[in-house]
Amino acid sequence: MLILVTNDDGIHAPGIAALAESLAPLGQVVIVAPDRDRSAIGHALTLHAPLRADELTPGVFAVDGTPTDCVNLGIHGLLPATPDLVVAGINRGANLGDDITYSGTVSAAMEATLMGVPALAVSLGGETYTASEYSNAGGAALFLARKTLQDGLPVDTFLNVNVPSGRIRGMRLTRQGRRRYADMVVEKLDPRGRKYYWLGGGECDFEYLDGTDCHALHEGFISVTPLHLDLTNFQSFECLSLWNADYPVG
Ligand code: MN
């Protein structure tokens, strides 16, 4: 098996080393990852600048681009063949609820899915990020990678996996939860008396509803959320289709 490992925390982050080590029993692991922390870069693709890939050691490439760039470059350039699986992570910090739209980790898995390669995004929750917690998350990644390679994933679907810190009570299949946004912008003065703003500085929380990713993680379970690429809200067709009928023609 050929496995492409990437992340958004950068190639020097402890999570990617733990992930590559955990997946090594499955076959050949090639790392293609950003050369620095690109967290919250979302699904950004570099179209107006050249990309460089620096092979730090055999099979370990640092790219001066985004996680999405890395998946592109990995699949279409750096790897000897199309990988059997792409795994992104292990992210430092959970990727839950509405936050996944910002996540470079989740976007890397999304990009692989767009290219027809099965993919997992793996993140570690909590605040401590110890070696043993990364190792636990690596174990979950290995388990799900094995399942994915054996059984495949439903079409256009990838898994967003979040592993709790501390003792793990089990694994739950979850739906995407909701973020409660409050005071997300912090306003301060710089040393010269000019205002500046800092995003995401306020207290944030999730709605801990049963069945959601954030609830499972909160309860000490590994959260596995199957995500798909079609963002269409089919339920809205019934009420919105009336709008089209009202459009004046002729
Ligand atoms: Mn990150």
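Buried means under 20% relative accessible area, exposed means over 50%, and partly exposed lies in between, with a 1.4 Å probe and protein chains only. By that scale Lys195 is exposed, because its relative accessible area is 51%.

This is a predicted model, in which local features need pLDDT of at least 70, side-chain atom pairs count only at pLDDT 80 or more, and totals for chains, interfaces and linings use all residues. Residues are numbered from 1 along each chain as its sequence is written, and side-chain values use heavy atoms, with hydrogens and water left out.

**Salt bridges**

A salt bridge here is a side-chain nitrogen of Lys or Arg within 4 Å of a carboxyl oxygen of Asp or Glu. The count by this rule is four.

| Pair | Closest N and O atoms |
|---|---|
| Arg36 and Asp35 | 2.9 Å |
| Asp98 and Arg178 | 3.4 Å |

Take Asp98 and Arg178, which form a salt bridge. Asp98 sits in the loop between strand S5 (85-92) and H3, and Arg178 in strand S9 (residues 178-180), so the pair ties together parts that are 80 residues apart in sequence. Helices (H or I, at least four residues) and strands (E, at least two) are DSSP runs, numbered from the N terminus. Asp98 counts as buried, at 19% relative accessibility.

Arg36 is partly exposed, with a relative accessible area of 46%.

**A buried serine**

Ser107 belongs to helix H3 (residues 104-114). Is Ser107 buried or exposed? Ser107 is buried, because its relative accessible area is 2%. Its side chain reaches the backbone oxygen of Gly42 at 3.2 Å. Ser107 touches Gly42, His43 and Thr68, leaving aside residues up to four places away in sequence. Contact means heavy atoms within 4.5 Å.

**A nonpolar surface patch**

Which residues form a nonpolar patch on the surface? They are Val185, Tyr197 and Leu199, with about 350 Å² of accessible area together. Patches are made of residues with over 30% relative accessible area and no salt bridge; like charges are joined within 9 Å, and nonpolar side chains (Val, Leu, Ile, Met, Phe, Trp, Tyr) within 5 Å. Accessible areas come from the Shrake-Rupley method with a 1.4 Å probe, and for residues only the protein chains shown count as cover.

Leu199 lies in strand S11 (residues 195-199). Leu199 counts as exposed, at 70% relative accessibility.

Terms used. A polar contact is a pair of N or O atoms within 3.5 Å; within protein, one must be able to donate a hydrogen and the other to accept it, and residues adjacent in sequence count only if both atoms are side-chain atoms.
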